[in-house]
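Colleague: I would like to learn how to read a few features from a model. Please give me the general idea, then the case.

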Amino acid sequence: MKRQLDKKEKELTEKSLKVRKEELKTLKEELEYSKDQIAKYNYNRELDDKWRDTLRRKVDRENAKAIQDIEFSIKQTQEVIDQVEDQLKNGVEPKRIAGID
């Protein structure tokens, strides 16, 4: 036959039970949060996987355009430098006013 807990034992046991119930509640919340975080991570990963090739092609096009623009600017700037250096070395043609010979 089991004996009943005395007053002190009962208080300590109830206190321990309360702490354990709070701990269980916290663990369940943490589990739910972790599952939601994993679901969010998986959703984002699937989204990234779905669009990875498209985004890579877009970045490649943007990079190619940037390089093309820079190369064009370099070419134009070099042409201006060559023209100015030629003028410094050989002079310039005199300006002619239309209608006056």
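Colleague: Is Asp 49 buried, partly exposed or exposed, and why?

Modeller: Buried means under 20% relative accessible area, exposed over 50%, and partly exposed in between (1.4 Å probe, protein chains only). Asp 49 is partly exposed because its relative accessible area is 44%. This is a predicted model, where local features need pLDDT of at least 70, side-chain atom pairs count only at pLDDT 80 or more, and totals for chains, interfaces and linings use all residues. Residues are numbered from 1 along each chain as its sequence is written, and side-chain values use heavy atoms, with hydrogens and water left out.

Colleague: Which residue forms a salt bridge with Asp 49?

Modeller: Side chains of opposite charge can pair when their charged atoms come close. The rule for a salt bridge is a side-chain nitrogen of Lys or Arg within 4 Å of a carboxyl oxygen of Asp or Glu. Asp 49 pairs with Arg 52, with the closest N and O atoms 2.6 Å apart. Arg 52 is partly exposed, at 38% relative accessibility.

Colleague: Where do Asp 49 and Arg 52 lie?

Modeller: Helices (H or I, at least four residues) and strands (E, at least two) are DSSP runs, numbered from the N terminus. Both residues lie in helix H1, three residues apart, about one turn of the helix. Helix H1 covers residues 7–90.

Colleague: How many salt bridges does the rule give?

Modeller: Four. Among them is Arg 20 with Glu 23, at 3.4 Å between the closest N and O atoms. These two are separated by about one helical turn, because they sit three residues apart in helix H1. Arg 20 is exposed at 54%, while Glu 23 is partly exposed at 39%. Another is Arg 3 with Glu 9, at 2.9 Å between the closest N and O atoms.

Colleague: Which residues make the nonpolar surface patch?

Modeller: Patch residues have over 30% relative accessible area and no salt bridge; like charges are joined within 9 Å, nonpolar side chains (Val, Leu, Ile, Met, Phe, Trp, Tyr) within 5 Å. Here Tyr 43, Leu 47, Trp 51 and Leu 55 make a patch of about 420 Å². That area follows the Shrake-Rupley method with a 1.4 Å probe; for residues, only the protein chains shown count as cover. Trp 51 is partly exposed, at 40% relative accessibility.

Colleague: What does the C-alpha trace span along its principal axes?

Modeller: About 135 × 30 × 25 Å. Of the 101 residues, 0% count as buried.
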